[in-house]
Amino acid sequence: MPSSRFSWARTFAVFLKEFQQMLRDRPTFAMAVGVPILQLVLFGYAINTDPKGLPTALVSADNGVLARSLTASLQNTGYFRITHRPASEAEGDLLLERGEVQFLVVVPPEFTRRVVRGEAPALLVSVDATDPSAASNALAALGAVAPLALRHDLDGPLRARQPEATPYEIRIHRRYNPEGLSRYNIVPGLIGTILTMTMVMLTGLAMTRERERGTMENLLATPVRPFEVMLGKILPYIVIGYIQLGVILGAAALLFEVPMVGSFPLLMAMIGVFMLANLAVGFTFSTLAKNQLQALQATFFFFLPSMLLSGFMFPFRGMPGWAQSLGEVLPLTHFLRIVRGILLKGNGAVDLLPELWPMLAFLAVAGAVALKRYRQTLD
């Protein structure tokens with residue numbers, strides 16, 4: 001019969017037993033230490049809400065002194081990094097549509113001469129506004145530098161052209177999201193994040209559930225091949241993924257009025273590839289984990305970097321180079337560009353190829369690892 005008196009000795013004995021058991025469960029202990037370290041590194045070094053050095057295409061029809069000074073002033077703000085000099089505005093629009101640049105700056109013909117005459121020529125700045133937060137600070141800097149950009153050039157006889165107002169007009173064209181609505185960026189991104197979490201988690205529990213319930217032996221006794229088992233376990237979750245997709249797209253259209261500019265069948269095909277990539281990751285986790293708790297922990301360890309480094313929560317171009325390189329490996333990064341490109345820009349299959357092949361490569365690698373791990377589990 002247990003004693004009714006509280007005993008520190010018995011409590012300490014239970015503490016030692018539980019602590020030793022925790023140390024034996026190395027994956028859980030490593031996850032408890034690794035997740036805080038991962039969060040510290042990502043939030044401390046990778047996350048930046050004030051992106052600078054944004055890729056910019058410049059179309060300049062004037063090579064005069066004032067046009068060159070204006071270009072230099074834009075680059076000196078730190079927000080605009082001229083990476084392309086297309087020959088025409090149409091080529092610049094194509095770069096903007098494909099997401100290769102964040103801004104398109106068009107300097108009109110005879111810009112220098114018209115400023116000297118006091119005609120206030122219009123400078124056209126087109127911005128990819130699919131992610132409003134990525135360009136907001138840059139646009140604010142553009143307005144701040146405008147009155148100062150030509151101050152040193154408008155001197156001597158041209159001092160009269162230094163009015164209180166800007167000697168030229170800035171026309172900002174927010175492409176694909178004219179009103180700068182954040183829901184146009186967040187709701188399409190939710191498609192990718194929700195599918196990533198559910199596909200990896202549900203599939204990660206598949207094999208561990210079999211082992212914990214003792215039904216793995218029955219499965220191994222059947223003539224079903226490893227690839228057939230993997231495919232058979234993945235297909236039901238693809239159906240679930242498309243059901244989730246229907247709910248999200250319905251809410252996006254009815255509640256948030258997110259436009260559908262591009263091809264719906266193309267979107268379905270791209271989502272299918274994305275789901276397969278995440279299901280392969282989940283299946284790999286299911287072969288590595290010894291129980292469902294470890295599978296859930298591995299899912300969280302994969303989901304956290306995907307959410308933070310993909311550009312869903314924070315501007316992708318605001319992250320340092322090493323973080324962008326890590327983000328490029330994750331399928332969610334490319335899927336977000338695909339889904340926003342189809343919904344908001346109307347991108348076609350050719351425009352999406354640069355984002356499709358990294359997802360296919362990830363799918364091939366994750367599928368091969370999952371199949372190899374499953375064969376080792378059989379042995």
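This briefing walks through a few helices, a helix pair and some individual residues of the chain. The model is a predicted one, in which local features need pLDDT of at least 70, side-chain atom pairs count only at pLDDT 80 or more, and totals for chains, interfaces and linings use all residues. Residues are numbered from 1 along each chain as its sequence is written, and side-chain values use heavy atoms, with hydrogens and water left out.

**The chain as a whole**

- The chain holds 14 helices and five strands; these are DSSP runs numbered from the N terminus, with helices being H or I of at least four residues and strands E of at least two.
- Of its 379 residues, 46% count as buried. Buried means under 20% relative accessible area, exposed means over 50%, and partly exposed is in between, using a 1.4 Å probe and protein chains only.
- Among contacts between residues at least 6 apart in sequence, 80% join residues at least 24 apart. A contact here means heavy atoms within 4.5 Å.

- Helix α4 spans residues 89–97, and its buried residues are G92, L95 and L96. These residues lie on the same side of α4, because they cover an arc of only 100° around the axis. The arc is taken from the directions that run from the helix axis to the C-beta atoms.
- Just after α4 comes G99, with a positive phi of about 80°.

**How α10 packs on α13**

- The axes of α10 and α13 are 11 Å apart and meet at an angle of about 170°, so α10 is roughly antiparallel to α13.
- For these values, axes are lines fitted to C-alpha atoms, for helices over the stretch in contact, and angles run from 0 to 180 degrees between N-to-C directions. Angles under 35 degrees count as roughly parallel, over 145 as roughly antiparallel, 65 to 115 as roughly perpendicular and the rest as oblique.
- From α10, the contact draws on L266, L267, M270, I271, F274, A277 and N278; from α13, it draws on P331, L332, F335, I338, V339, I342 and L343.
- Sorted by class, this contact has 13 nonpolar residues, one polar residue and no charged residues. Ala, Val, Leu, Ile, Met, Phe, Trp, Tyr, Cys and Pro count as nonpolar, Asp, Glu, Lys and Arg as charged, and the others, Gly among them, as polar.

**Two buried residues worth a look**

- S286 belongs to helix α10 (residues 264–288), and S286 counts as buried because its relative accessibility is 0%.
- A polar atom of the S286 side chain lies 2.5 Å from the backbone oxygen of F283. Leaving aside neighbours within four places in sequence, S286 is in contact with T203, G204, M207, T208 and R211.
- E355 sits in helix α14 (residues 349–378), and E355 is buried, with a relative accessible area of 15%.
- The side chains of E355 and R337 are joined by a polar contact of 3.2 Å. A polar contact is a pair of N or O atoms within 3.5 Å; within protein, one must be able to donate a hydrogen and the other to accept it, and residues adjacent in sequence count only if both atoms are side-chain atoms.
- Not counting residues up to four places away in sequence, E355 touches H334, R337 and I338.

**Loop residues**

- A120 is in the loop between α5 (111–116) and β4. Its phi is near 55°, a positive value in a residue other than glycine, and A120 is partly exposed at 33% relative accessibility.
- E257 lies in the loop between α9 (226–254) and α10. E257 is not a glycine, although its phi is positive at about 55°, and it is exposed, with a relative accessible area of 54%.
- E257 and R183 are 74 residues apart in sequence, and their C-alpha atoms are 9.0 Å apart in space. Not counting residues up to four places away in sequence, E257 touches R183, Y184 and A252.
- S263 is found in the loop between α9 and α10, where it is partly exposed with a relative accessible area of 33%. The side chain of S263 reaches the backbone nitrogen of L266 at 3.3 Å.
- The C-alpha atoms of S263 and A349 are separated by 9.3 Å, and these two residues are 86 residues apart along the chain.
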